[in-house]
Amino acid sequence: TLYTIVEIRGQQQLVRVDVTSGDVRSLIQGTDVVTGFDIASDGTIYARVSRPSSQPEIYRLGDDGLQQISAINAEAIADIELGTVEKHTYKAADGTPLETFVVFPPDYERGKRHPAMLLSHGGPWSQWNWRFNSEAQLLAANGYVVIMPNFRGSWGYGQAFTDALTGKWGVIDYSDSMDAVDFAIEQGWVDADRLATYGWSWGGYLTNHIITKTDRFKAAISGASETLMVVNYGHDMWLKLWEEELGDPWREENRENWDRVSPFYSLDKVTTPTLVVSGEHDWNMPVINSEQLYIGLKRQGVPTELIVYPGEYHNFSVPSYQHDFYNRLLDWVDEYVGQ
């Protein structure tokens, strides 16, 4: 018997696999997002589970379901009103059914259009799911409807769905994300004139593509992104990926591949005020990408700022830096989008 965590359509389940028959049984599913687990000597399963309205805690799985046995964060969020999290299905322009999570402000009024934030996930081999998302809740608490699409390239929807992004970086993920925004507008949730976009890692890279392809967003935040792809070769941690997807960059027949996926060559089309953020020692998405993005926008008179946090890597660990970043993010969006 094999126990493992799998991603399935916006869920992150704990499953049990019968190795002989291949039968798969979901043990924890739905809005319970499993981020880790262990099995005691008596066979009892303990899991670290996150839910839309609660941060991860430890649960015991018994015959009567999940029993919570820790409440580390309960007091911290007891008096905080959280936004409602929903998952919706929409159709891409080519008819492909897709899913997006949407987080609404705690005081959201049905029938009233609110400003919105398109929040793009990293990876791109990951997915938005039902886990507690502190970033989305922070944005929702500040009045923004948060749109979180699982664009093609995401995990959890089958291999073909993931492979659809191969060779189409910044193309199909871009169009799927725009269709999610259009869906939110059509539902009456979102004001089309008050849009912002933000992403980290691949989400930042996708943000760079977004601002080179459309001016519909009034503000953008590009976090730990990539801009001129060839400068990363031999320096970052993605050497194998670069060679498999784009080919050796010094070969003339591959040059178009590298140029096509680099937002750098379309910076002349950007008009969106963009906050650019990175960690000084990021080996995943090196800071040179953010520096080149910033300089390119600055030279053209696009409102921009570059914030580099000293000593930080791909994800920030210093609480004061995290606090500073979110204050800057909210100030930036409020200045250009407003309430």
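Colleague: Which residues line the second largest pocket?

Modeller: Q55, A76, I77, I80, E81, L82, F132, S134, Q137, L138 and A141 line the second largest pocket. This is a predicted model, where local features need pLDDT of at least 70, side-chain atom pairs count only at pLDDT 80 or more, and totals for chains, interfaces and linings use all residues. Residues are numbered from 1 along each chain as its sequence is written, and side-chain values use heavy atoms, leaving out hydrogens and water.

Colleague: What makes a residue part of a lining?

Modeller: Lining residues have an atom within 4 Å of a pocket point; the points sit on a 1 Å grid over the protein atoms alone, and a pocket is an open set with protein on both sides within 12 Å along at least five of seven lines. In the second largest pocket, α2 gives the most, with 4 residues.

Colleague: Which element gives the largest share of the lining of the largest pocket?

Modeller: That is α9, with 7 residues. About 920 Å³ of space lies in the largest pocket, and among the residues closest to its centre are E135 and Y326.

Colleague: Why are α2 and α9 called oblique to each other?

Modeller: Their axes cross at roughly 40 degrees. Angles under 35 degrees count as roughly parallel, over 145 as roughly antiparallel, 65 to 115 as roughly perpendicular and the rest as oblique, so α2 and α9 are oblique.

Colleague: Which residues meet where α2 and α9 are in contact?

Modeller: E135, L138 and L139 in α2 meet Y326, L329 and L330 in α9, where contact means heavy atoms within 4.5 Å.

Definitions and conventions. Axes fitted to C-alpha atoms, helices over the stretch in contact; angles between N-to-C directions. Helix = DSSP H or I, 4+ residues; strand = E, 2+ residues; numbered from the N terminus. 1 Å grid on protein atoms, 1.4 Å probe; cavity = no way out; pocket = protein on both sides within 12 Å on 5 of 7 lines; lining within 4 Å. Points joined across faces, edges and corners; volume = space filled by probe spheres on them.
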